[in-house]
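Visitor: I have some questions about this one. Can we start with the pocket and then go on to the helices?

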Amino acid sequence: MIAKSSFYERVAKIRSVNSVRNAQGHKVAYQLEPGYWMLELNTPVHCERAFELVHFDSTLLDVELRSSLSGDVIGRPWLSIAVCAYTRRVLGMYLSFQPPSYVSTMMLLADILRRFGRLPDSIIHDWGSEFKAKDWKNVLTALFIVRHTRPKSAPRFGAILERMFGIVTRELIDNIAGNTKLRKNVRQNTPQSDATTHSGLWLADMYWGLEEYFFGNYDNRKHPATLYAPRALYEASFLAHGTRLHRVKKYEDILPILMPTAKGRPRVIDHARGIYVNYRYYGHPLLASLSMSGESALVKPIPFDPGSVLAFVKGNWVICRSGLHEELQRAPEIVRRCLFEEWRIEQRLVCASHDDSRQKLRDLIDELNQKALDNKEYWRNREMHELVSPATFPTIVEKTSESNALNLLERMMQNALASASQSGSTGKLLVVG
């Protein structure tokens, strides 16, 4: 027999990826597997030019934000970013309080087109449910974009994007007011140091901060893998490999393709008020005709403009406006994005408060109905109950020695007759009679 220490030393020497996989699972064993230095035998690492391959993914930021409409803390935002695999440049970003969905992925693609005026050749993403939506697949097919899906539970295939999330969290998010870094150690968290106490940033402030970080700070510093600044390598790539004009698109031309379809059934047209989408009515001159009343229309909200929606009417996409459009048409696009997100959260909070109010109203109605039943039971057996409750009118009960309601009523009637007979007008009436 060998000693216990010698046994563990020999076990450590024969420890392998397979033994770890059998003991702790494939996710732990994945961390010990050797990395892939080349994607394929004849393929260079991370493609050969800008916009050839773009990584898409989302993460929940460790910071709490407040609403610019009500001032309440409304939660942590989700950050969706797109990173070019060749230049390591951030091509687009999108912030939302909603979990990742087909809306965030399509808005991320729209943000790329708005910034650079061109579309990527291919996109790589994970197995998230937001990349399985029908709208997302239709957009990629219509715009001739190749879709690649990286293996499950294999974050190294998206190392460029995962590393970007770690950098922005460590350098920016963990150092601003309202960060939730201390919540990872619950025992060290106190009400004085909690994120809710110190949070004061709005979604527009977070947009501005990330814009400055991605396109001002990170974009102009040299990357350790390429030895170039991301912006410089991006510009050099187009000089070396051409501009590829067939990938250049105008944002206004493909706006109906990029916008997500509203959830639920097609909206019904009301010729007087328009189309009801996202708790608001939107109108258009084509919808005012009586012949359109009751017809259904496919609707696509525009997250970049909460005052407008797209509606498919009579074979064409038309932009329907609301009263909010006049107030927001001169506002910056980032402000309109933030108002779209905050408006949805505030409406959900309103619905939640209405649910609580309905429950309280139901309890009040049940209490009143029970009192109505008790009162009916009282009038059925009124001789067995007191007319006046001692708890309700204690002063009146103290003055009256009778406990029976009928006796009290008889006394009141006798007093009324006595006072009426002593009245001067009563005597005159009797003489006249």
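Guide: Helix 12 supplies the largest share of the lining of the second largest pocket, 4 residues. Bear in mind that this is a predicted model.

Visitor: What volume does the second largest pocket have?
Guide: The volume of the second largest pocket is about 460 Å³.

Visitor: And which residues are closest to its centre?
Guide: Val-103, Lys-263, Asn-278, Arg-344 and Arg-348 are the closest to the centre, out of 21 residues that line the second largest pocket.

Visitor: Which elements give two or more residues to that lining?
Guide: Strand 5 (90-96), helix 4 and helix 12 (333-380) do.

Visitor: How does the lining of the second largest pocket divide by class?
Guide: The lining has 10 nonpolar, 6 polar and 5 charged residues.

Visitor: OK, helix 4 then. At what angle does helix 4 pack with helix 5?
Guide: Helix 4 (residues 102-116) and helix 5 (residues 134-142) pack at about 25°, and their axes are 9 Å apart. Angles under 35 degrees count as roughly parallel, and the two helices are therefore roughly parallel to each other.

Visitor: Is the crossing left-handed or right-handed?
Guide: Helix 4 passes helix 5 in a left-handed crossing.

Visitor: Which residues make the contact?
Guide: From helix 4, Tyr-102, Thr-105, Met-106 and Leu-109 take part, and from helix 5, Asp-135, Trp-136 and Val-139. By class, the residues of this contact between helix 4 and helix 5 are 5 nonpolar, 1 polar and 1 charged.

Visitor: Now helix 6 and helix 8. How far apart are their axes?
Guide: The axes are 12 Å apart, with helix 6 (residues 159-171) and helix 8 (residues 203-217) packing at an angle of about 120°. That angle makes helix 6 oblique to helix 8.

Visitor: Left-handed or right-handed, for helix 6 passing helix 8?
Guide: The crossing of helix 6 past helix 8 is right-handed.

Visitor: Which residues are in contact there?
Guide: Helix 6 contributes Met-164, Ile-167, Val-168 and Glu-171, while helix 8 contributes Leu-210, Tyr-213 and Phe-214. The contact of helix 6 with helix 8 has 6 nonpolar residues, no polar ones and 1 charged.

Visitor: What is His-26 in contact with, leaving aside neighbours within four places in sequence?
Guide: On that basis, His-26 is in contact with Arg-21 and Ser-153.

Visitor: How many residues apart along the chain are His-26 and Ser-153?
Guide: His-26 and Ser-153 are 127 residues apart along the chain, and 8.7 Å separates their C-alpha atoms.

Terms used
Residues numbered from 1 in each chain as written. Predicted model: local features only at pLDDT ≥ 70, side-chain atom pairs only at ≥ 80, totals over all residues. Heavy atoms only, no water. Axes fitted to C-alpha atoms, helices over the stretch in contact; angles between N-to-C directions. Parallel < 35°, antiparallel > 145°, perpendicular 65-115°, else oblique. Left-handed = near helix turned anticlockwise from the far one by under 90°. Contact = heavy atoms within 4.5 Å. Nonpolar A, V, L, I, M, F, W, Y, C, P; charged D, E, K, R; others polar. 1 Å grid on protein atoms, 1.4 Å probe; cavity = no way out; pocket = protein on both sides within 12 Å on 5 of 7 lines; lining within 4 Å. Points joined across faces, edges and corners; volume = space filled by probe spheres on them.
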